[in-house]
Amino acid sequence: MAKEKRHVISMLVEDQPGVLARIAGMFSRRGFNIDTITVGKTTKKGISKMVFTVIGDDAILEQVEKQVNKLIDTVKVMEMPPETSVIKELCLVKVAIPNKKAKEDILRYTKIYKTKIVDITQKSVTAELIGEPAKIDAFIELMKQFGIKEISRTGVTAVSRG
Amino acid sequence: MNGAQAIIETLLKQGTDVTFGFPGGAVIPLFDAYLDYKGKIKNILVRHEQGAAHAAEGYARASEKAGVCIATSGPGATNLVTGIMDAYMDSVPIIAFGGQVPTNLIGNDAFQESDMMGITLPITKHNFQVRSPNQMAPVIMKAFKIALEGRPGPVYIDLPKDTQAGEVTEQIPKEVTIAGFQPTLTPNPIQIKRAAEAIINAQRPLFLIGHGVIIGNASKELEELVALTQIPVTTTFMGKGAFNELHPLSLGTVGMHGRKVANYATLQTDLLIAIGCRFSDRITGNLKTYAENAKVIHADIDPAEIGKNVRVDIPIVGDSKEIIKELTAAIKKMAVKEKSEWTKKIKHYKKYCDECVPTPKTKRIHPKFVMQTLNKLLKPDDIVVTGVGQHQMFAGHFIKRSKPRTFISSGGAGTMGFGFPASIGAKVAKPNVNVFLIDGDGSFQMTIQELGTVKENNIKVIPIIMNNSYLGMVRQWLELFSDKRYSEVYLGKTPNFVKVAEAYGLKGIKVEKQSELEPALKQAIKNDCTTIIDVQVEEESNILPMLLPGGHLKDAFGGCMAAPGKFFGDD
């Protein structure tokens with residue numbers, strides 16, 4: 001059995017109505033397991049960039065790339081290997097403050113993780129964290145002891161290095 | 001010029017002079033424009049929109065052109081869906097136009113509004129919604145390009161009523177480009193060289209030829225390559241006609257109801273050279289054991305097909321015609337090695353297989369007899385269209401075709417009701433040949449209303465109804481795999497097809513004895529209108545051999561096989 005892993009794929013698409021539906025529909029129709037998907041404008045008019053992560057072995061990855069490429073609105077598709085790409089995700093975590101001691105711990109941890117505090121009340125603190133998905137996973141794990149009230153992740157986006 | 005006139009102007013520029021359609025509120029402006037272009041373009045008024053879609057398919061499959069069908073919004077457009085899906089499964093270029101409520105009402109659940117963009121999204125190569133009259137011509141031009149180039153397929157175009165009626169204010173462009181659509185046509189020379197070497201060095205090579213060779217008009221090139229290499233040829237069901245089935249090296253169709261010599265060769269080959277096919281489950285059976293002794297060369301224009309189902313040793317992406325030409329050129333440069341032992345063995349089995357066609361003794365006419373009789377009357381350019389079911393598999397197995405685009409059937413989708421309207425489209429595309437429809441009583445009744453279409457438009461086709469009063473293929477499965485627990489498969493003795501034909505002002509002949517069949521067919525060929533031949537075939541005959549779904553090719557059974565695994569007497 002080939003090894004399953006997470007692949008980051010970046011694509012340029014024509015900015016037409018329904019383009020996201022075409023891509024999402026193809027994924028669900030063919031049973032591909034898509035983890036995250038992000039869309040944004042590029043500097044070229046009428047062209048958007050999408051980055052998505054798919055979990056699967058090499059054969060699945062190959063089919064995903066080929067099927068995405070077949071869509072008429074797709075202009076370019078490429079895999080973003082972690083060794084040669086900058087891969088980042090933004091995450092907002094709202095953590096409960098059960099007591100004073102906890103508050104000090106939370107603030108210390110957020111500093112270590114180089115997060116930005118974007119909101120704070122007597123009952124909760126919201127941290128903004130930008131980084132690779134694994135780092136975000138680790139921070140969330142750490143915050144669980146205090147009680148996570150809400151969480152929002154953007155999904156990864158990526159550019160190639162150099 | 002309004003949007004509707006722009007549609008017709010653009011269709012004419014694309015070489016379309018006939019469409020298949022049915023009117024309704026949302027396409028009144030479009031059909032109004034037909035009155036302005038009398039003598040230049042004709043719409044064939046069907047009786048149901050599904051008929052329009054299948055007729056467009058039949059037209060496209062028989063010619064090399066895209067077929068065009070038209071329906072109104074809402075239920076009109078949803079009635080096209082089965083035909084669009086069918087075209088998608090079999091890579092058939094059709095342009096399907098659906099009316100739509102005016103742009104200002106879209107999304108309001110207006111009368112006869114349906115989200116056809118959403119509905120057709122997973123069953124089209126692409127779809128468009130025209131948002132202004134100025135977009136009309138460029139969108140249609142893009143649609144034809146997408147439908148016809150690369151791996152063909154259906155394109156749906158949504159036509160809001162105001163975009164048909166509104167004025168076109170911009171010049172129609174001469175050409176359109178689509179940034180994300182550049183199919184690979186020229187094969188990679190390195191892969192061609194590897195494939196040529198593999199072919200030279202193989203001991204028991206075998207061709208598997210699919211629909212892609214028909215679509216790519218590569219039959220002549222294939223014939224040359226076979227003449228050069230003397231490699232035996234099997235085809236998929238959809239590839240029928242891509243290679244002359246009367247050729248001594250033709251083994252016929254592979255797969256679930258394929259010829260046993262073709263399946264046997266697949267088991268024995270050490271190099272499977274697959275061109276323009278997609279290794280459907282009906283061809284391969286169990287993927288783990290399929291061609292397990294063989295290296296696989298897979299050539300296709302759609303890179304996503306390569307490696308999708310079957311592991312591939314040498315992939316080639318490109319147009320079938322170019323691939324075959326390049327392969328021939330590459331092999332010519334090398335010394336062709338004799339493979340006479342393999343060829344001799346295969347020819348011996350082919351002979352055995354050809355001769356082993358006893359028609360079982362039955363009270364009523366056996367379907368095999370109908371096929372054999374028709375084979376005698378078919379001219380090379382005549383077209384055979386089929387419905388879906390047992391009769392279709394009998395046709396696939398026994399009917400011999402020598403030219404591409406002369407065998408038309410719903411392969412991937414298996415759409416009952418496809419046959420009759422598709423035969424209409426085929427006849428419109430090729431008015432000078434006889435078009436025979438081999439259909440079942442079940443299939444034929446699904447689109448029987450198109451009898452009105454053939455009468456009113458003087459279209460002559462020859463429907464041969466293999467009437468067994470059953471939904472035969474399901475009945476066969478129930479007999480073989482469900483202990484004869486027949487549930488919902490008996491249709492009964494109705495209708496009287498001869499009287500139905502007569503009610504439409506057409507002719508019908510009922511055939512009850514073997515001796516009546518040939519004269520009836522000859523009469524139908526002579527008649528100047530559509531003549532239904534109602535052949536009373538054996539009620540419970542089975543199409544054999546048969547391979548279990550997902551089974552091992554060696555476990556195919558029936559026909560001339562003594563037992564599963566016993567392909568030939570001397571194995």
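## Domains of chain B

The centres of domain 1 and domain 3 of chain B, taken over C-alpha atoms, are separated by 28 Å. The model is predicted: local features need pLDDT of at least 70 and side-chain atom pairs count only at pLDDT 80 or more, while totals for chains, interfaces and linings use all residues. Residues are numbered from 1 along each chain as its sequence is written, and chains are lettered from A and ligands numbered from 1 in the order in which they are written.

Chain B is divided into domain 1 (3–165), domain 2 (189–355) and domain 3 (367–536); the bounds come from an automatic or database domain assignment. Domain 1 of chain B gives 24 residues to its contact with domain 3 of chain B, which gives 26 residues. Two residues are in contact if their C-beta atoms, placed from the backbone, lie within 7 Å. On the domain 1 side, strand E1 (18–21), strand E2 (42–45), helix H3 (49–62) and helix H4 (75–89) of chain B each supply at least two residues. H3(B) has the largest share of that side, 10 residues. Helices (H or I, at least four residues) and strands (E, at least two) are DSSP runs, numbered from the N terminus.

By class, the domain 1 side that touches domain 3 of chain B has 11 nonpolar, 8 polar and 5 charged residues. Ala, Val, Leu, Ile, Met, Phe, Trp, Tyr, Cys and Pro count as nonpolar, Asp, Glu, Lys and Arg as charged, and the others, Gly among them, as polar.

## Overall build of chain B

Chain B has 22 helices and 18 strands. Its radius of gyration is 24 Å, close to the 25 Å that the globule rule gives for 571 residues, so chain B is as compact as a globular protein of that length. The radius is taken over C-alpha atoms, and the rule is 2.2 Å times the number of residues to the power 0.38. The C-alpha trace of chain B spans about 75 × 60 × 40 Å along its principal axes.

## Sheet E9 to E12

In chain B, 6 strands form an open sheet with parallel pairing, in the order E9-E8-E7-E10-E11-E12. Strand E9 (250–253) and strand E12 (314–317) of chain B are the edges; each has a single partner strand, so one side of each is left without a neighbour in the sheet. Neighbouring strands of this sheet are turned by 15° against each other on average, direction ignored. Axes are lines fitted to C-alpha atoms, for helices over the stretch in contact, and angles run from 0 to 180 degrees between N-to-C directions.

Strands pair if DSSP finds at least two bridges between them. Strand E10 (residues 271–275) and strand E11 (residues 295–300) of chain B share 5 bridges in the parallel sense. B:Ile273 has B:Ile297 in E11(B) as its bridge partner.

## Sheet E13 to E18

Another open sheet of chain B has 6 strands in the order E14-E13-E15-E16-E18-E17, with parallel pairing. Strand E14 (407–408) and E17 of chain B stand at the edges with a single partner strand each, so one side of each lacks a neighbour in the sheet. Strand E13 (residues 383–386) and strand E15 (residues 435–440) of chain B run parallel and are joined by 4 bridges. In E15(B), B:Phe436 is the bridge partner of B:Val384.

Strand E17 (residues 507–511) and strand E18 (residues 531–536) of chain B also run parallel, with 5 bridges between them. B:Lys507 has B:Thr531 in E18(B) as its bridge partner. E17(B), helix H22 (residues 514–526) of chain B and E18(B) make a right-handed β-α-β unit. Right-handed means that, with the strands pointing away from the viewer, the path from the first strand over the helix to the second runs clockwise.

## Backbone exceptions

Most residues other than glycine have a negative phi, and most peptide bonds are trans. B:Arg405 has a positive phi, near 65°. B:Arg405 lies in the loop between helix H16 (390–398) and E14 of chain B.

The peptide bond from B:Thr494 to B:Pro495 is cis, with omega near -10°. B:Pro495 sits in the loop between helix H20 (472–481) and helix H21 (497–503) of chain B. B:Leu544 and B:Pro545 are also joined by a cis peptide bond, with omega about 5°. B:Pro545 is in the segment after E18 of chain B.

Chain A is divided into domain 1 (5–79) and domain 2 (86–160). Their C-alpha centres lie 29 Å apart. The contact takes 7 residues from domain 1 of chain A and 6 residues from domain 2 of chain A. E2(A) gives the most to the domain 1 side, with 3 residues.

Between the chains, the contact takes 13 residues from chain B and 15 residues from chain A. The chain B side has 9 nonpolar, 3 polar and 1 charged residues.
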